[in-house]
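Reader: Before I set up any calculation on this protein, I would like to go through its structure with you, one question at a time. Could you show it to me first?

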Amino acid sequence: MVNDENVEFICLMFTDINGIIKNVEVPVSQLDKVLANKITFDGSSIDGFTRIEESDMLLHPDLSTWLIFPWGEEHGKVARLICDIYKTDGTPFEGDPRVNLKRIIKKMRDMGYTNFNIGPEPEFFLFNTDEHGNPTLHLNDDGSYFDFSPVDLGVNVRKDIVLGLEKMGFEVEASHHEVAPGQQEIDFKYEDALSAADSIETFKLVVKTIAKEHGLYATFMPKPMQGINGSGMHINMSLFNGEDNIFDDENDMLSDTAKKFLSGILKHARALTAVNNPTVNSYKRLVPGYEAPTYIAWSSKNRSPLVRVPAAKGKSKRIEMRSVDPTTNPYLAIACILDAGLDGIKSDYDLMPEVKDNIYEMSEDKRREEGIVDLPSTLHNSLKALRKDEYVQQSLGKGLTNSFFAAKNAEWARYQQTVSQWERDTYMSQY
């Protein structure tokens, strides 16, 4: 493939604890070394990886992730391989989010299931850039949900993104303008958990690269502008055994296993929020009035709860977790969601009743009667919830848990110390 496609460089990609793509680029002259798992890098320089005295790490490429980027051919084509991180003693590095997801997938298979299928719905914003290519605060259009051109000025960008994704092997199902000005959504077909996490990371890279070619800046920040809807990344999920969708039931909305799986997600929902919504800005999206969930509940009839059960049957039967946003590390999020569901299957928690009314219109007393509790309202509160939930900490493993708390506590501390323009506008003249 290298020879046939005139590939000159290979990007060895991996992901840090924050879900940020990292890579070591090598010329094809190093291909034999790549395939022998002998490319090393300094792990102490990567957020959440390792101490400086244990810094040498090895990149083990997953050959099934080989693809060629549809851009940058002026110096020969560039291909990529997604890698797992190994220690120099030849064992997988437990602090690698991708290695950790593989661990939870093995746990699932040991319980008798073959696949956890994920269909993500990532949203993003397009901003105009200045003369230096830096993002401005001006969105690229004033379009709204499902608008058509000329109101939708992102249509050509989305088309190029879709074409680029398809060249790379994605099966894109739909693309459209989202509710907010400048907001876009592109949906691709569901895949097994590991492939889906890989695809989410690749998708972000493609979106940002092609937006830049159009003179625009793409951001997956959940709430870049106040007063409009934020960007989420709803996660559609289903559990399979071979060709059988374990969540499907001919005579009911969900199978008994699906109900148990759902009960596990709801049981651990507050702790999962720290992983699924890992930034200070994430919680500016999770507020009433902008279609994002703020309460722990489930329903098949409305979109106000945390989890929705779409009207589908057979292999399409699934549950949809609506709180997740695109700043999450997909390897961590999918691992923790899957493990929470497996806990529900093993522990047989009682599933709270379906909520059919609009939760946003309920009084506080009514919500209390229904057993509906709030999601954490800040990163600080979600970290407290994660601190109390030992099961979700085990889903991450000790190393990733410690690194996650260190990174996120530092982020919250920086936020607390920052004086915003809102504070100056509100208090300076008043006091």
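This is a predicted model: local features need pLDDT of at least 70, side-chain atom pairs count only at pLDDT 80 or more; totals for chains, interfaces and linings use all residues.

Reader: Which residue of strand 6 is the bridge partner of Phe-9?

Author: Strand 1 is also joined to strand 6 (residues 77-87), by six bridges, and these two strands run parallel. Within strand 6, the bridge partner of Phe-9 is Val-78.

Reader: Is Thr-15 buried or exposed, and which side chain does its own side chain contact?

Author: Thr-15 belongs to strand 1 (residues 7-15), a strand that is largely enclosed by the rest of the structure because seven of its nine residues are buried. Thr-15 itself has a relative accessibility of 6%, and since buried means under 20%, Thr-15 counts as buried. Its side chain makes a polar contact, at 3.2 Å, with the side chain of Glu-201.

Reader: Where does UniProt place the feature "modified residue: O-AMP-tyrosine", and is that residue buried, partly exposed or exposed?

Author: The unreviewed UniProt entry places this feature at Tyr-360, which sits in the loop between helix 8 (330-347) and helix 9 (364-370). The relative accessibility of Tyr-360 is 28%, so Tyr-360 counts as partly exposed.

Reader: Which backbone oxygen does the side chain of Tyr-360 reach?

Author: Leaving aside residues up to four places away in sequence, Tyr-360 touches Pro-288, Glu-291, Ala-292, Pro-293, Thr-294, Tyr-295 and Ser-304. The backbone oxygen that its side chain reaches, at 2.5 Å, is that of Ala-292.

Reader: Which strand gives the most to the lining of the largest pocket?

Author: The largest pocket holds about 770 Å³ of space, and of the 39 residues that line it, the closest to its centre are Glu-121, Glu-185, His-234, Asn-236 and Glu-320. The elements giving two or more residues to this lining are strand 7 (115-129), strand 9 (172-177), strand 10 (183-188) and strand 13 (233-241). The one that gives the most, with six residues, is strand 7.

Notes
Residues are numbered from 1 along each chain as its sequence is written. Side-chain values use heavy atoms; hydrogens and water are left out. Helices (H or I, at least four residues) and strands (E, at least two) are DSSP runs, numbered from the N terminus. Buried means under 20% relative accessible area, exposed over 50%, partly exposed in between (1.4 Å probe, protein chains only). A polar contact is a pair of N or O atoms within 3.5 Å; within protein, one must be able to donate a hydrogen and the other to accept it, and residues adjacent in sequence count only if both atoms are side-chain atoms. UniProt positions are given in the numbering used here, feature names are shortened, and annotations may be inferred rather than shown by experiment. Contact means heavy atoms within 4.5 Å. Two strands pair if DSSP finds at least two bridges between them. On a 1 Å grid over the protein atoms alone, a cavity is a set of points where a 1.4 Å probe fits but cannot get out, and a pocket is an open set with protein on both sides within 12 Å along at least five of seven lines; lining residues have an atom within 4 Å of a point. Grid points are joined across faces, edges and corners, and a volume is the space filled by probe spheres set on the points.
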